[in-house]
Amino acid sequence: MSNKKNTEIISVKTLLSKKNLIIPNYQRPYKWSFNSVITLLNDIEKAYYDKGQNNKPIKYRIGTIILYKNKQNKYEIVDGQQRIITLILIKIIIDNNFRSTLLEEKFSNKETITKIKENISVINNWVKNKKNSKTIINYAIRNILEVLVVYVESLDEAFQLFDSQNSRGKELNPHDLLKAFHLREAVENYSNSNNKKLMKIIASKVKSWENRNSEEINNLFSYYLYPILNWSSHKNYQPFTIHEINNYKGVTIDLCKENYNYTNINKNHYEIGHPFYSGIPFFEMVDIYFKKIEEINECMKKNHRLIYELLSIYLNDEIGIEIQKTNNELINQIKENDNTIGMKYIIRLYYCSLLYYYDRFNRLDPIIVKKLLMWALSLRFDLEMVNLSSINKYAQGINSDSKYTNEIPMFIIIKNSIYHSDLYNLDIKIKENITKEHRWYRIYEILKLINKEGDNNENK
């Protein structure tokens, strides 16, 4: 498929009159907020009243639309869906005779249906409370409002444009760019094979992604998958930004053509640090790690209640652990007095080691669950101040300044272990002479309770 591209500036009236616009299955739901709709309506009103030379209205461009011409000669809306649907809703409300083939499609996404209903109400209220609103909007749509339309014949180019358009003015979240990249790879496969079944799978994976909170996806990469990837390679972890997304682009179509040995991957296997195919497998991988986190949380809640309550203090807003009501006085004291950013770093470190162990061995051995906690919490007694630098050093077992009780590169050890029980022999020490006057004495007491706590089940 060629990289041919052309552009034109057209009126909004012409845009809305197009009969062959479609919303592809890979698009996200319609989710424009109340504020976005009101801002657009106010912009339309302002454009109507702004006059140029000879008191003539000034043309007002309201954005860029990216359209991909598919094999059925229909134009898939790659970028601009939110704005187009909102403009159609506005036009329908002010003109009873207006019809749009785009809205004749059956929407299955509940969020889209809900937002359309909500925004119809918002637009109706705005129109009713503005003098001459229908005249203003109709005139603006015909004579003032315009859009830049970019037509592309390559989906690869379409998504590249989508990335750059959405990066203007603000930096996109890295997981948003990863989504766009892997959609491009998945749909490129589809466009070559014309496989309708594959397209349904793509739509299903995108729906699963969209049903998750954006912050939830960001947390998965920023606090867990990306740190583990670095520490298991003996590298420092830095905040996950758009500059690190190459780590999660996977093995692309182009790489497969090179026939490198490492591109021969078991399609159904996902493990942190191992290669995976780009496209649909990326979305499957994300689903799998969310499922693994759910399984860890369920196991901890059932078999390691005190640890689960400790995790709930620091990680409830990151990985779906419920805030626990407890009668344990020490836990309640920790909630009240020890909820620091340093402790959050340490508990994240613990959870990363737990997830990496579970990812490698598919079990949560009760002995190892406790050993990993002892290893992570040991840092709390070694340092008064814990930051990202000290977490990086501790995770890699770097102890050049002799501050740490345990000089253990835990993630490398897990990576190199053959059996799940290989970690049994790790000699984890806890700093001695932790008295009641020590700032972290409550954590020390909880650790002693956890070590005494019986386990309900054998290995998961």
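Modeller: Let us begin with a rule: a residue is buried when its relative accessible area is under 20%. Keep in mind that this is a predicted model.

Biologist: Then what makes E210 buried?

Modeller: The relative accessible area of E210 is 11%. The limit is under 20%. So E210 counts as buried. E210 is found in helix α8, residues 196-210.

Biologist: Why is the link between the side chains of E210 and K179 called a polar contact?

Modeller: A polar contact needs N or O atoms within 3.5 Å. The side chains of E210 and K179 make theirs at 2.3 Å. K31, E111, K179 and E210 are also linked in a network of salt bridges.

Biologist: Which residues is E210 in contact with, leaving aside neighbours within four places in sequence?

Modeller: They are R28, P29, K31 and K179.

Biologist: How many salt bridges does a search of the whole structure find?

Modeller: It finds 18.

Biologist: What makes R360 and E271 a salt bridge?

Modeller: The cut-off is 4 Å between a side-chain nitrogen of Lys or Arg and a carboxyl oxygen of Asp or Glu. In R360 and E271 the closest N and O atoms are 3.4 Å apart. That distance is within the cut-off, so the pair counts as a salt bridge. R360 lies in helix α14, residues 341-361, and E271 in the loop between α10 and α11, so the pair ties together parts that are 89 residues apart in sequence.

Biologist: Are R360 and E271 buried, partly exposed or exposed, and how do you know?

Modeller: R360 has a relative accessible area of 29% and is partly exposed. Partly exposed covers the range between the buried limit of 20% and the exposed limit of 50%. E271 is at 14%, so E271 counts as buried.

Biologist: Why are K344 and E318 called a salt bridge?

Modeller: Their N to O distance is 3.7 Å. The rule asks for a distance within 4 Å, so the label applies. K344 lies in helix α14 and E318 in the loop between α12 and α13, so this pair ties together parts that are 26 residues apart in sequence. K344 counts as buried at 18%. E318 counts as buried at 6%.

Biologist: What makes E445 and K448 a salt bridge?

Modeller: Their side chains meet at 2.8 Å, N to O. The limit is 4 Å, so they pass. The 2.8 Å link between these side chains is also a polar contact. E445 and K448 both lie in helix α18, 3 residues apart, about one turn of the helix. E445 is buried at 18%, and K448 is partly exposed at 35%.

Biologist: Why is N362 called exposed?

Modeller: Exposed means over 50%. N362 has a relative accessible area of 56%, so N362 is exposed. N132, at 49%, is partly exposed.

Biologist: Now the rings. How many aromatic pairs are there?

Modeller: The count comes to 25 aromatic pairs. In one of them, the rings of W231 and F411 have their centres 5.2 Å apart and their planes at 45 degrees. Under 30 degrees would be stacked and over 60 edge-to-face, so this pair is tilted. W231 is in helix α9 and F411 in helix α17, 180 residues apart.

Biologist: Why is the pair of W375 and F411 called edge-to-face?

Modeller: Their planes are at 70 degrees, and edge-to-face means over 60, so the name applies. Their centres are 6.2 Å apart. W375 is in helix α15 and F411 in helix α17, 36 residues apart. W375 is buried, with a relative accessible area of 0%. F411 counts as buried at 0%.

Key. Residues numbered from 1 in each chain as written. Predicted model: local features only at pLDDT ≥ 70, side-chain atom pairs only at ≥ 80, totals over all residues. Heavy atoms only, no water. Polar contact = N/O pair within 3.5 Å; in protein donor to acceptor, adjacent residues only side chain to side chain. Helix = DSSP H or I, 4+ residues; strand = E, 2+ residues; numbered from the N terminus. Buried < 20%, exposed > 50% of the residue type's maximum accessible area, 1.4 Å probe, protein only. Contact = heavy atoms within 4.5 Å. Phe/Tyr/Trp six-rings, centres within 6.5 Å; stacked < 30°, edge-to-face > 60°.
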